[in-house]
Amino acid sequence: MTGNPLWRFVGVRTTALLFFVYLYVPIVILIALSFNENRTATIWTGFSTRWYGVVLANADILHAARSSLIVASAATLIATIAATAAALGMGRARFRGQDAIGGLIALPLVVPEIVTAVATLLFFVLIGIRLGLTSLIIAHTVFCIPFAYLPVRARLDGMDPLLEEAAADLYATPLTAFRRITLPLLWPGILSGAMLAFIISLDDFVISYFVAGAGSTTLPVYIFGMIRIGISPEVNAVSAMMLVISILFVTLSYVVGRVRRAS
């Protein structure tokens, strides 16, 4: 960072430090208060892990967590397959309207999530899809496709297309070339995209809040319902658990990305 010319300006270091303090100190406080012995979440009286036991014994929280895992797993699987197919189609051929299609794939990344949620809800009501796990999986799949697509496309762009041509010269069929050459080289991008899609789906609140039906409440929506009656140690504990899971998957995605770039 010392070689960056921006650090020469007065106040840049202080501003950067204040930014990270503002961003991460509340998270550290939340984790610390999740170990608070007191029932009142904001008054520290001693260290205790009992609230994590309370969370793990809460049937409603476990049901919400199960719903989140089902939705995230199904959405990740479908979105990753669709994203891989889209990346292969976009990266291995040129056709009219390709740039427009690429823009449409990336559009959910820039459209406000509340707009996507409202539009998805109206669409489901219009075509008669009952709100529940099915509607959640469909909505999360569409929303996760761009997140799975970008790592796959980046990996595909870094591959040498001459490898597939060499396989064809050796009388390999397109399916054999894909199975023996393209897929093994592409898997780090696919895995990275799948992990990113999974954590995006698992943490999503806005879309889940709009399209979840009775009995299909996800964990972020359940947490929102808990904090409407006040912050409690259970809220801090379940939030800290979700944070740890998110950090784990983001770290794995980063590690796979490093392996991808090194290979």
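Here are the stops, in order.

**Before you start.** This is a predicted model: local features need pLDDT of at least 70, side-chain atom pairs count only at pLDDT 80 or more, and totals for chains, interfaces and linings use all residues. Residues are numbered from 1 along each chain as its sequence is written, and side-chain values use heavy atoms, with hydrogens and water left out.

**Whole chain.** Show the protein chain as a cartoon. There are 11 helices and 0 strands; helices are DSSP runs of H or I with at least four residues, strands are E runs of at least two, and both are numbered from the N terminus. Now colour by burial. Of the 263 residues, 35% count as buried (under 20% relative accessible area; exposed is over 50%, partly exposed in between; 1.4 Å probe, protein chains only). Contacts (heavy atoms within 4.5 Å) with a separation of 6 or more come to 71% from residues 24 or more positions apart.

**Asn 36.** Select Asn 36, in the loop between helix H1 (12-33) and helix H2 (50-56). Is Asn 36 buried or exposed? Asn 36 is buried, at a relative accessible area of 0%. Its side chain reaches the backbone nitrogen of Thr 45 at 3.2 Å.

**Largest pocket.** A pocket is an open set of points on a 1 Å grid over the protein atoms alone, where a 1.4 Å probe fits, with protein on both sides within 12 Å along at least five of seven lines; lining residues have an atom within 4 Å of a point. The largest pocket holds about 380 Å³ of space. Select Pro 108, Thr 116, Thr 120, Val 142 and Phe 143, the closest to its centre among 17 lining residues. Helix H4 (98-110), helix H5 (113-127) and helix H6 (133-157) each give two or more residues to the lining. H6 gives the most, with 6 residues. The lining divides into 15 nonpolar, 2 polar and no charged residues.

**Second largest pocket.** Move to Asp 203, Pro 220, Ile 223, Ser 239, Met 242, Leu 243 and Ser 246, which line the second largest pocket. About 180 Å³ of space lies there. Helix H10 (219-227) and helix H11 (233-262) each supply at least two lining residues. H11 provides the largest share, 4 residues.

Note on methods:
A polar contact is a pair of N or O atoms within 3.5 Å; within protein, one must be able to donate a hydrogen and the other to accept it, and residues adjacent in sequence count only if both atoms are side-chain atoms. Grid points are joined across faces, edges and corners, and a volume is the space filled by probe spheres set on the points. Ala, Val, Leu, Ile, Met, Phe, Trp, Tyr, Cys and Pro count as nonpolar, Asp, Glu, Lys and Arg as charged, and the others, Gly among them, as polar.
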